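Have the viewer open as you read.

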Amino acid sequence: MKKFNIAVVGATGMVGRTFLKVLEEMKLPVEKYTLLASKRSAGKKVQFMGTEYTIEELTENSFDADIDIALFSAGGGTSEKYAPIAASKGVVVVDNSSAWRMDETVPLVVPEVNAGDIKKHNGIIANPNCSTIQAMVALKPLLDTYGIKRVVYSTYQAVSGAGMGGYADLENGLKGEAPQKFPHPIAGNCIPQIDVFLPNGYTKEEMKMVNETRKILGVPDMRVTATTVRVPVFNGHSESINVELEKPFEIEALKDVLRNAPGLIVQDEPENGIYPMAITASDKDETFVGRIRRDESVENGVNLWVVADNIRKGAATNAVQIAAELIKMWSE
Ligand code: A2P
């Protein structure tokens, strides 16, 4: 079998380190890995695939070597500058930042939902926002079976979603220290602001959920709204999703639709205290759904509670799954 070369950009970061973990687990047919980060980290040693790798500085020449796929998670600015350079040298970039997601020429992919879009790439494939990814895994089977009229998202997002700095703010905040990353203390608090505010009063994170949902599901005028909140949880995003379906449904049949969906695990035994939670979804690659119940205030409404590991399925796992699909395509 042909083997491929993969580069990881941002290999020292929160998502980058998880890229390495997931790559170790997935055992893709890879010949050579290149681990890149900023100048600050150049020369650092990391243990990976049973050997010691040296982190290299990301430069314009980093992609001159024979690289097939580059997994990027080094912030939007780095992706804006370096993803086109990599693509121009024949590398396929799987980018975890928001820089390219809404570009019409860039596929935005959750493999369980729209793997077919990968084929349309022009050198860059975008990994969606973490909160969007897990919602897509749960909503796609409902869209296909019942049609979707409207979606209301309310999120409870972990600090790991803000990278190392976010994680440190909760750890240090629990010891009484002032925040460095978030605009307010996160320990003992909920902050109804993720990313910056836009002129329409929504945050950028909220509008990412709205716009990315429409693009991934291929329904440009879908009615979607969101409130995104940072909560004092280390890892694992939770979401309340209220959905109005087009068609009537039986609740047991709807649960079966979710049970049969790829990448989704139904955990719904409220009488036994079983439902998805951040602490049980952490370190898993699947998305979990529970608290599945009819919304009795509207016609054909249903409420879901959806949880996933935002660093794994919400970022690293989804990107490595895209890389695996590319390798599968190239090997056919
Ligand atoms: P470094 O560790 O050298 O700063 P996180 O989101 O967890 O903070 O991680 C951000 C990741 O992006 C890190 O690996 C960081 O590397 C990397 N990074 C940030 N800025 C750059 C840059 N200008 N060039 C390359 N890598 C960068």
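## Around the ligand

The shell around the ligand splits into 6 nonpolar, 8 polar and 1 charged residue (Ala, Val, Leu, Ile, Met, Phe, Trp, Tyr, Cys and Pro count as nonpolar, Asp, Glu, Lys and Arg as charged, and the others, Gly among them, as polar). That makes 15 residues surrounding the ligand, with Thr-12, Met-14, Ser-38, Arg-40 and Ser-41 the closest (near means a heavy atom within 4 Å).

This is a predicted model: local features need pLDDT of at least 70, side-chain atom pairs count only at pLDDT 80 or more, and totals for chains, interfaces and linings use all residues. Residues are numbered from 1 along each chain as its sequence is written, and side-chain values use heavy atoms, with hydrogens and water left out.

## Oxygen partners

Ligand oxygen atoms have polar side-chain atoms of Thr-12 at 2.5 Å and Arg-40 at 2.7 Å. For Ser-38, a side-chain N or O atom is 2.6 Å from a ligand oxygen.

## Aromatic pairs

There are 7 aromatic pairs in the structure (ring centres within 6.5 Å, using the six-membered ring for Trp; planes under 30 degrees apart are stacked, over 60 edge-to-face, the rest tilted). One of them, Tyr-146 with Phe-249, is edge-to-face, at 6.1 Å between centres and 65 degrees between planes.

Notes: Polar contact = N/O pair within 3.5 Å; in protein donor to acceptor, adjacent residues only side chain to side chain.
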